[in-house]
Amino acid sequence: VWDNCLSFIKDNIQPQAYKTWFEPIKAIKLTDNALSIQVPSKFFYEWLEEHYVKLLKVALRKELGETARLVYIIKMENTYGNRQPFTEKIPSANREQVKAQEIDVPIKNKNPELRNPFVIPGIRNVKIESQLNPNYNFDNFLEGDSNRLARSAGMAVANKPGGTSFNPLLVFGGVGLGKTHLAHAIGVEIKDKYPEKTVLYISAEKFTQQYIDSVKKNTRNDFIHFYQLIDVLIIDDVQFFSGKTGTQDVFFHIFNHLHQNGKQVILTSDKAPVDMQDIEQRLLSRFKWGLSAELQNPDFETRISILKNKLYRDGVDMPDDIVEYVAKNIKTNVRELEGAIISLIAQSSFNKREVTLELATQVVEKFVKNTKREVSIDYIQKVVSDYFQMDVSTLQSKTRKRHIVQARQLAMFFAKKFTKASLASIGSQIGKRDHATVLHACKTVDNLSSTDKQFRKYVEDLTKKLSL
Ligand code: ADP
Ligand code: MG
């Protein structure tokens, strides 16, 4: 069975990725519909789950049908060099922990109805799955100056859901700073302390989707009812509500009901309420009722403790100077910090190399380059105007002079290529044009660069400058 899965997987991914992530896997046993596979380490398992879970599911379902399940067995060995079994490091009282490393991942049924938490009609007996991820808890959410307020507010809420003035609790901050982790941690802690409480974690995106579906299916009232039954409602990334007035209305309704009944609401967002756009005023004012707590970039000390904790949990030893090197050089956010250390471990384990400072330098350098911040449209306009020796205002102006038009079109083309901005938003930022103009610009650049040698050189030069 596993061989068949492998050949399917092989056809669907890059050879290098296949070699790195699938060749080291060993199939162990097949019982009923559960296939057990052995992976070399915990981070390996996490990597598979994060990057290849869909592919694995499809491959396995093809072989074993809809009820297929995958069980990961994590081989505990020192990830590099001497094969010292991990079990030895764990005092015998904690042996269960080793067993707990067998992670059984049910492959959910494809039929969305079955996963939809509010299909059961008799409102009162609804069994609500909290959708919480137990791996995101307070124990492994390390404290530092950057998160102290948010973390302790979260703890306070977890101790007395609905019973503090932090209602709603809004946690905000940039990507990868721990909003989702903290949101789950609060929910997990509440479930632990108050198992009878109904807790639900949901992303704003999924909430929106459910709402839209309910409107289509004429079950909007059921939708509202369902949410009104919840004791602790956690909505992740509420900035997603911006511009979606229907969803905002229904959420406003639900929020008021929950709040009036002393239920707890926890929200996360990538911006502070004052900076949120296209969110109705009445909703914004509700957000401000409780506490808004910011997650900031972790400082050096916190980065070190996050890294050490991660290594400890994965059972990997790494010299202090290397940990410090990584912490010093990856400052953007926790997700990247973790990503860098994972690829460092991966590099050393696959190439059977010791983790040296030299290897760390290579990995970190590559990592910083690969995950380089998205270039902004402003930056693109600046680079393009510099290249053609004109001002940004000239580039944006209404003039029809050929070389200026070309520069403008190139700026639009690169904005489309290098940012995630929509055509409309690119147009509005580059001299207040509409989306059709941007689309036309992109096509023109494509055409010209295949017919005009000089123009192709512009495109090449600028691509280099922008991807440095
Ligand atoms: P966000 O939702 O803000 O984009 P996440 O919650 O997904 O960020 O966090 C990104 C990664 O960083 C996760 O793996 C998370 O476990 C980790 N992380 C963030 N903050 C901390 C922290 N204080 N301690 C330990 N891990 C953290
Ligand atoms: Mg998140």
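A residue is taken to be near a molecule or strand if its C-beta atom, placed from the backbone, lies within 6 Å of it. In this predicted model, local features need pLDDT of at least 70 and side-chain atom pairs count only at pLDDT 80 or more, whereas totals for chains, interfaces and linings use all residues. Residues are numbered from 1 along each chain as its sequence is written, and chains are lettered from A and ligands numbered from 1 in the order in which they are written.

Ligand 1 is surrounded by 16 residues, the closest being Gly 178, Lys 179, Thr 180, His 181 and Val 334. At least two residues of this shell come from each of α8 (179-193) and α15 (334-350); helices (H or I, at least four residues) and strands (E, at least two) are DSSP runs, numbered from the N terminus. Because domain 2 (118-294) and domain 3 (300-370) both contribute residues to the shell, ligand 1 lies between them; the domain bounds come from an automatic or database domain assignment.

The secondary structure of the protein comprises 22 helices and 9 strands. An open sheet of 5 strands shows parallel pairing in the order β6-β7-β8-β5-β9, where two strands pair if DSSP finds at least two bridges between them. Since β6 (199-203) and β9 (291-294) stand at the edges with a single partner strand each, one side of each is left without a neighbour in the sheet. Within the sheet, β7 (residues 232-236) and β8 (residues 264-269) pair in the parallel sense over 4 bridges, and Ile 234 stands opposite Ile 266 in β8.
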